[in-house]
There are 2 protein chains.
Amino acid sequence: MKPWEANIRKVVPYVPGDQPKGSHLVKLNTNENPYPPTPGVSAALKEMDYDLFRKYPDPASSVLVDALSEYYKVDRDEIFVGVGSDDVIAMAFMTFFNSDKPVLFPDISYSFYPVWAELFGVPYEKPALDENFKIVKEEYYRENGGIIFPNPNAPTGLYMPLSEVEDIVSHNQDSVVIVDEAYIDFGGTSALKLTRKYENLLVVQTFSKSRSMAGMRIGYAIGNPALIRALNDVKYSYNSYTMNMPSQILGAKAVEDRAYFQDTVEKIIHTREQAKLRLHELGFTFPESMANFIFASHETARAKDIYEALRQNSIFVRYFNQPRIDNYLRITIGTDEEMEALYCFLKEYL
Amino acid sequence: MKPWEANIRKVVPYVPGDQPKGSHLVKLNTNENPYPPTPGVSAALKEMDYDLFRKYPDPASSVLVDALSEYYKVDRDEIFVGVGSDDVIAMAFMTFFNSDKPVLFPDISYSFYPVWAELFGVPYEKPALDENFKIVKEEYYRENGGIIFPNPNAPTGLYMPLSEVEDIVSHNQDSVVIVDEAYIDFGGTSALKLTRKYENLLVVQTFSKSRSMAGMRIGYAIGNPALIRALNDVKYSYNSYTMNMPSQILGAKAVEDRAYFQDTVEKIIHTREQAKLRLHELGFTFPESMANFIFASHETARAKDIYEALRQNSIFVRYFNQPRIDNYLRITIGTDEEMEALYCFLKEYL
């Protein structure tokens, strides 16, 4: 090893997920939305003036913050935006979790939480989900340096009623509590309305799922102005310009068309409810999903075998080779046609 | 202070720069390119399929890496891309500067270097520029945990000949040496050609200046595959998706049209050389700039007064209220028309 190599940061190498290419495949592995963004996004893209690109983007992303403020009926100073909810949550770890006490998040949850904790030197504990994959709220009634959990949880899809979310927040008013609502629009009730009641509550959402904009990298957090100011102070202290101009402009457009958004979400919910019936008929069981995916286990066939068989037939779902969940498949809800292709193959295979 | 507030990270609050709005102003304060991106960018923007946005972007930014590989005649595994060179350099600090020895960078230089060093807990020393603002290469012949400097330097505009850059690199083969070439295309010779000779050399460039794409947030680093692999390992370990789809697609287009790029750069160089004559006639002195800005001091008038007078007349330049440079203005090279407006006002004012 050369001397300069000795100073390289040690990290766990990343194993990229399947990013299959081609037109005849059914891609149900990354929880993307099967429908395009709103027509307003298409129109704004066509009208976009490329000459603007020569200038730095607005560091405050004002046009996007304005649109979110209008949509959610919150003030501008209650909104923080970032380059995807990954950026927003990483920034929140960095900003709020500077304590010697452990941050708490579920043992089965979003895989980046422990990564960010380690990156920023934050101690953490992972209270276990119960045997039905439910978050046990009482596990979060202990001393901590902060709390984060997704609702609905990933990769289980299980939704926690707002009253239980509030129980966790109200028991932890000395810590910042973050509810990661990447999948909330698919039938859940957001904790947004609680942010004015609890000044330590931060709600994070994303444009990547319900708003069909994963490719644009847009996430946001809503909370009381003291939290938002702290996030912006940390962000601006080391990088002034992160969200590019197209994301700001097209992101703003994406939240304007409520009817299209509602319609798309309803189609996905409808397809998901159908999927529950069809997968059940095929011998699958799963926690009750309120997300745009179903986390399913088969009564006889091994998840890994099904995953590989599907893969060989150009149908991609997600498989996690991890304790407790290594016999489950996470199946994204696609179009009705894509789901038919899945059922059709499974019927043959099983 | 509430308990949750006690855990908020302490940072130096950011003071946003002037982002003046309006059509009748002359904006010479952020080193943006006065000319639009290449026509290929305009065409690709018009053809862009908004339906693609629903999918996650390629985490490897392959289309952009391919275009850079073709342009610079280096291999794909010698290229790292990030969300602006700020993202690339912050990632490089995080990846390469894990040492107890101090990282070295000039006392007058890019203001984010000490910020990133503090963010990642990296010790640093700032060797002083000489009385003519030159980097003294011998100051970098001492024990260190890494070296970074811009060439040309900012905000001075001074260029260090490649032979001196090589002297610094060859004296420091036990550290990673980063040359930040944000302004190299305006007349300097890049250290790119040295990256195959010195495996510890990383060259960072950006689309924000010479390529007229500040609004898209694209930066890149070129170096030997071991350095690039380390950067990618660190990046992927905590965030898979950072550069959005439009930046990947339009960034690739931006590097294809060499003739337009060359033409734009030459126009800016020509305007800069004119500016040197005109500013000199007006009583200004300045280090010899090889960038798209001039760092000028007036023989009688105070920089701060000139800055404020210009501002009141909708002409924006940059003023740094810092030791050693508080009697200088950093004036971005705009179009000939914009520069005429500047000279015209200054002639009246002085």
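Predicted model: local features only at pLDDT ≥ 70, side-chain atom pairs only at ≥ 80, totals over all residues.

- Chain A can be laid on chain B by a turn of 180° and a shift of 0.0 Å along the axis, with an RMSD of 0.0 Å.
- The two copies are thus related as by a two-fold rotation axis.
- In chain A, the C-alpha nearest that axis belongs to A:Lys46, 2.9 Å away from it.
- The copies meet through the same surface, because 99% of the interface residues of chain A are also interface residues in chain B.

**Two domains in chain A**
- Together the two domains of chain A bury about 2000 Å² between them, with 66% of it on carbon and sulfur atoms.
- On the domain 1 side, A:Phe261, A:Met290 and A:Arg324 supply 36% of the buried area, more than any other three residues.
- The count between these domains is 1 salt bridge.
- A:Arg324 also joins A:Asp107 in a salt bridge between their side chains (2.9 Å, N to O).

**A tucked-in helix**
- Helix α8 (residues 245-254) of chain A is largely enclosed by the rest of the structure, because 8 of its 10 residues are buried.
- Its buried residues include A:Met245, A:Leu250 and A:Ala254.
- The cover includes α2 (39-47) and α3 (62-72) of chain A, together with α8 (245-254) of chain B.
- At the start of α8(A), a side-chain oxygen of A:Asn244 comes within 3.2 Å of the backbone nitrogen of A:Ser247.

Conventions: Residues numbered from 1 in each chain as written. Chains lettered and ligands numbered in written order. Heavy atoms only, no water. Buried < 20%, exposed > 50% of the residue type's maximum accessible area, 1.4 Å probe, protein only. Helix = DSSP H or I, 4+ residues; strand = E, 2+ residues; numbered from the N terminus. Contact = heavy atoms within 4.5 Å. Polar contact = N/O pair within 3.5 Å; in protein donor to acceptor, adjacent residues only side chain to side chain. Least-squares fit on C-alpha atoms with pLDDT ≥ 70 in both. Buried area = accessible area lost by both parts, 1.4 Å probe. Salt bridge = Lys/Arg side-chain N within 4 Å of Asp/Glu carboxyl O.
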